[in-house]
Amino acid sequence: MTDEQKRGTPAKGTVDIDQERKQRKTVIMANIGLLFVALFWGGGFVAGKFALQGMEPLNITAYRYVGATILMACLCVKKFRLMNVKMILGGSLVGFLVFLGNTLQTIGLQYTTPGKQSFIISLYTVMVPLLSWLILRIRPPKKIIAAAVIALLGISLLTLKDDLTIGWGDFLTFLFAVAFSIEVILLGVFMKNMDANLFTFVEIASAAVFSVLTALIFGEPESLVDIGLVPLAGLIYLISFNSTFAFLLQNRCQSIAPPNYVAILLSSETVFGTFFAIALAGEVFSGRMIIGCILMFVAIFIAVAPPRKKKDS
């Protein structure tokens with residue numbers, strides 16, 4: 001009998017196994033959490049379409065981020081003392097990109113379908129490394145270049161009309177994907193040594209300020225009382241699940257889950273988006289669009305798949 005057994009202390013090997021099991025369980029829970037984020041985002045495409053039945057895009061964005069700011073404030077009220085100038089400036093810049101991207105997305109949704117929009121937005125998994133090359137001078141590997149070419153072909157099949165033109169809604173959605181990609185890159189720079197939840201509050205609050213000012217200047221005031229139950233339900237979903245809960249869950253889970261799996265799990269929002277579009281919005285995909293979607297899935301997988309381990313000779 002060992003000394004550890006005599007004292008009732010677990011052996012070193014047992015402790016290591018327990019720690020490994022706890023780590024594995026934590027990673028599994030984080031992966032499940034990221035799938036829920038993708039689920040919330042996927043449902044947002046149809047929720048946005050429902051909200052558009054009773055409100056203008058600028059008012060939807062304004063109500064969405066004002067409501068999300070109130071919810072975030074309730075969750076972060078005890079952390080306000082940790083706020084600093086760097087966090088405010090960084091959060092405001094990212095918040096502007098959030099406002100710009102979601103405004104383009106909501107307006108574009110008037111001229112395209114939820115399913116098509118969900119697939120076009122998924123281009124961020126390929127665009128982030130390419131924009132990192134341009135902005136941060138970090139050259140992407142060859143597989144990213146290959147993924148970009150395949151994604152370009154896929155998006156062409158998905159968005160080009162019979163006369164080889166791109167719809168206005170598809171183009172605005174593509175611009176949203178660009179804005180979101182820049183947002184992801186900046187978050188990687190600003191989020192170092194910052195409280196994730198508090199930074200998210202500053203980000204959403206800044207987006208709310210920009211959204212309200214834009215709605216007041218360019219839009220017409222709309223009361224929530226007169227918009228109807230379906231648009232109101234869509235707006236409530238955008239405020240809660242699609243914004244507040246998704247952002248919080250993403251921030252917490254992404255610090256735990258392995259990086260190679262994060263993008264794959266989040267890009268599954270396209271699957272959920274298509275499911276909701278077919279089940280709730282009655283959308284129908286053509287054969288060409290299905291091929292385009294498959295090519296985009298291939299591009300996403302190539303972009304985020306981990307490199308093969310070299311075998312020892």
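Trainee: How many aromatic pairs does the structure hold?

Mentor: This is a predicted model, where local features need pLDDT of at least 70, side-chain atom pairs count only at pLDDT 80 or more, and totals for chains, interfaces and linings use all residues. Residues are numbered from 1 along each chain as its sequence is written, and side-chain values use heavy atoms, leaving out hydrogens and water. Rings of Phe, Tyr and Trp (its six-membered ring) pair if their centres lie within 6.5 Å; planes under 30 degrees apart count as stacked, over 60 as edge-to-face and the rest as tilted. By that rule, the number of aromatic pairs is eleven.

Trainee: Are the rings of F241 and F245 stacked, tilted or edge-to-face?

Mentor: A pair of aromatic rings is described by the distance of the centres and the angle of the planes. For F241 and F245 the centres are 5.5 Å apart and the planes stand at 75 degrees, so the pair is edge-to-face.

Trainee: Which helix holds both F241 and F245?

Mentor: Helices are DSSP runs of H or I with at least four residues, strands are runs of E with at least two, and both are numbered from the N terminus. F241 and F245 are four residues apart, and therefore separated by about one helical turn, in residues 229-254, which is helix α10.

Trainee: Is F241 buried, partly exposed or exposed?

Mentor: Buried means under 20% relative accessible area, exposed over 50%, and partly exposed in between (1.4 Å probe, protein chains only). F241 has a relative accessible area of 34%, so F241 is partly exposed.

Trainee: Is Q117 buried or exposed?

Mentor: Q117 lies in helix α5, residues 114-121. Its relative accessible area is 0%, so Q117 is buried.

Trainee: Which residues does P140 touch, not counting those up to four places away in sequence?

Mentor: P140 sits in the loop between α6 (124-136) and α7. At 8% relative accessibility, P140 counts as buried. With contact meaning heavy atoms within 4.5 Å, P140 touches P129, L130 and W133.

Trainee: Is I166 buried or exposed?

Mentor: I166 is in the loop between α7 (142-159) and α8 (168-190). Its relative accessibility is 51%, so I166 counts as exposed.

Trainee: How many helices are there in the protein chain?

Mentor: From the N terminus on, the elements run α-α-α-α-α-α-α-α-α-α-α-α-α. There are zero strands, and the number of helices is 13.
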